[in-house]
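Please look over the model below with its sheet and its aromatic rings in mind. A short briefing follows it.

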Amino acid sequence: MTTSSGTTTTLSKSTSTGSSTKQRVSYFYQPDVGHFYYGPSHPMKPHRIKMAHHLILTYGLYRQMECYRSHPATPDEMSAFHSEDYIQFLGKVTPDNLRGYGNQMQKFNVGEYTDCPVFDGLYEFTQLYTGASLDGAVKLNRGDCDIAINWSGGLHHAKKSEASGFCYINDIVLAILELLKVHARVLYIDIDVHHGDGVEEAFYCTDRVMTFSLHKYGDFFPGTGHIKDTGAKEGTGFSVNAPLTSGMTDGAYERIFKPVMDKIMEVFQPGAIVLQCGADSLTGDRLGCFNLSLKGHAECVRYTKSFNVPTLVLGGGGYTIRNVARCWAYETSVCLDVDLPNEIPYNDYFEYYAPDFQLHLTPEQRENMNTEASLESVRVDLLTQLMSLKGAPSVQMMEVPPDFEIIKEDAAAEKERRSTKEDRSGEGMNDGGADDDTRSDRGKTKDGRGEKREHEAELAG
């Protein structure tokens, strides 16, 4: 891997299920995130996040990772990518006042005649899932963990000033921007059945982010992700799209994913990875049309993990919610190198897993419409695209910008300082000045401001 100093190191890949040094995993969750409701008959159910969390608890996986209650993202944090008028609109519109926002709802693709409804707590929901992704990125940047998990994140369709495909704020783009403060190159991988159009669009013209999406293509939302959509300007060749069709099996998926991943890691050499684990590519999904088992889907997680690169693992799509919960609990175990029994332990949502109460899924008996010839064509085209790149792009890394937590702490300290100064008036205005200090120099700092300390416990719940 080319570092900011220009030296080169080699990415090491584990040859077994676990690396010699166990990877440190951090898990981010907000208890309220599963309580939001898009509306009757809407396929997106945030409740699935809470179901997955309860499986993670009852399987005992929480004991083997650091668990954090994430912070709600602020408007300033979200405006690192999204337009301010769009964020302000999301913060103001509610089911009770939406009639007064007709023009803006049309402008921002939100409301009754779209797939992105206005529901109670909409803005708070976006804050919660976005804050968790940002917290994960900051932990990775600080070297506090090797894998950060946020199953509430992964909403990959949202654009700069537009909601799309059940997604309002693109937490993935914001997390990648945070990672780019430290890492010269970031790889984004998307195994959702839908193309990760919002993320690809955001980084389409840069060579610092490579996007790799495997998705259903052809008469299917969002309609983007053709194999010849490879990027533009400096980003030409850095958008990697694997357009597939219905019935994808574990074996067929693996034959595309692994060789392309190998070539990406060899050529691009990312400093960090963001992996979107949309579960609508599983068999039996309400909206999806692939036929992957949990093991086939999770093999992408296992293989990505084997490269020993700091990785942010996110959720995404998934509309048969009992299977989404199964998938994300299982993939948490894969991140931890823990084997889970197939019997689902009793939990608050145990009845959802009837009639078999088993963790793993059996793929449907259906035809894979992806032929050997079509899969080979995709594989060859993508490898050819990657081989045409002239090695990993180098970046002149300057001083690392502060992460959002430090910015927030500094702003609060400055506000307090100004408030204290304004409170001084009349007699005693100059009390406490340098001339009044008759103490020795012991304990002073050279600038008189003291030493700022970071508090890791701030995120802990």
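How many bridges join strand β3 to strand β8? There are 4 bridges, and they join residues 147-150 of β3 to residues 311-314 of β8 in a parallel arrangement. This is a predicted model, in which local features need pLDDT of at least 70 and side-chain atom pairs pLDDT 80 or more, whereas totals for chains, interfaces and linings use all residues. Residues are numbered from 1 along each chain as its sequence is written, and side-chain values use heavy atoms, without hydrogens or water.

- Alanine 148 has leucine 312 in β8 as its bridge partner.

**Aromatic pairs**
- The structure holds 21 aromatic pairs, counted when ring centres of Phe, Tyr or Trp (its six-membered ring) lie within 6.5 Å, with planes under 30 degrees apart called stacked, over 60 edge-to-face and the rest tilted.
- Phenylalanine 119 and tyrosine 168 pair edge-to-face, at 6.1 Å centre to centre and 75° between the planes, and both are buried (under 20% relative accessible area, with exposed over 50% and partly exposed in between, for a 1.4 Å probe and protein chains only).
- Phenylalanine 350 and phenylalanine 357 are stacked, because their ring centres are 4.4 Å apart and their planes at 10°.
- Phenylalanine 357 counts as partly exposed because its relative accessibility is 24%.

How values were computed
Two strands pair if DSSP finds at least two bridges between them. Helices (H or I, at least four residues) and strands (E, at least two) are DSSP runs, numbered from the N terminus.
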